[in-house]
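Have the sequence and the 3D view open as you go.

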Amino acid sequence: YPDSEGSLISLIRVAEEAEKAEVDSSDVPDEQMSVEKKSKSAQEIYQHIIERFPDSPLAHVAMLKLGNAEKKAERYEEAIRIFKELLTKKTEGKLRQQIETALQDAVLKFASVHSKDGNYEKSVALLTEILTDYPNSNLRAEVKGALEKSLDVIFKKYRKSGNPENLVSY
């Protein structure tokens with residue numbers, strides 16, 4: 001039974017419940033965290049499924065959930081890496097659409113972080129990646145809006161620099 005599909009489904013459900021139960025340890029005294037710390041985190045369970053059953057379609061589901069957990073934790077680079085790796089595997093239909101949507105959302109959020117940090121060039125590169133790779137993206141309007149803002153800042157920067165010809169090379 002431990003290696004059956006039913007056990008994998010059970011593990012995924014346990015991980016989903018662990019995700020719901022996870023709390024910020026800084027808000028809870030250590031003595032109250034003992035039970036949570038003894039149990040495995042959702043990410044650990046998803047990772048276990050992925051490593052132990054890499055060829056199972058349920059490993060792909062676990063990988064999507066792991067990527068979403070990383071995205072929720074604002075570890076966008078790791079989420080993007082997981083989603084891109086998952087797209088190299090045989091995924092079809094609704095699962096593939098979910099992966100592509102999650103990837104686009106993670107890239108959009110990562111671009112937003114770069115924009116807030118003043119790295120508008122990196123933001124533009126990430127946003128352009130979404131528009132190039134997913135021309136029919138559901139996030140297209142949001143991506144284009146963010147791209148406009150980043151490009152506007154870049155254009156103003158080049159104009160103020162006194163070397164507007166550098167803008168042509170951009």
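**Helix packing and a few residues to look at**

Helix H4 passes helix H6 in a left-handed crossing, a term for a near helix turned anticlockwise from the far one by less than a right angle (clockwise would be right-handed). This is a predicted model, where local features need pLDDT of at least 70, side-chain atom pairs count only at pLDDT 80 or more, and totals for chains, interfaces and linings use all residues. Residues are numbered from 1 along each chain as its sequence is written, and side-chain values use heavy atoms, with hydrogens and water left out.

**H4 and H6**
- The contact is built from His60, Leu64, Asn68 and Lys71 on the H4 side, and from Leu95, Gln98, Ile99, Ala102, Asp105 and Ala106 on the H6 side; contact means heavy atoms within 4.5 Å.
- The axes of H4 and H6 (residues 93-116) come within 11 Å and cross at roughly 20°; axes are lines fitted to C-alpha atoms, for helices over the stretch in contact, with angles from 0 to 180 degrees between N-to-C directions.
- H4 and H6 are therefore roughly parallel to each other, the word for angles under 35 degrees.
- Helices here are DSSP runs (H or I, at least four residues), numbered from the N terminus.

**Two loop residues**
- Glu74 sits in the loop between H4 (57-72) and helix H5 (76-87).
- Glu74 has a positive phi of about 65° although it is not a glycine.
- Most residues other than glycine have a negative phi.
- Glu74 is exposed, at 58% relative accessible area; exposed means over 50%, buried under 20% and partly exposed in between, using a 1.4 Å probe and protein chains only.
- Lys89 belongs to the loop between H5 and H6, and with 30% relative accessibility it counts as partly exposed.
- Leaving out residues up to four places away in sequence, Lys89 touches His60, Met63 and Arg96.

**A buried serine**
- Ser150 lies in helix H8 (residues 140-160) and is buried, with a relative accessible area of 1%.
- Ser150 touches Ser115, Tyr120, Ser123 and Val124, again not counting residues up to four places away in sequence.

**A charge over a ring**
- Lys157 lies over the face of Tyr158, at 5.8 Å from the ring centre; a charge sits over a ring if NZ of Lys or CZ of Arg is within 6 Å of the ring centre and within 35 degrees of the ring normal.

Conventions. Angles under 35 degrees count as roughly parallel, over 145 as roughly antiparallel, 65 to 115 as roughly perpendicular and the rest as oblique.
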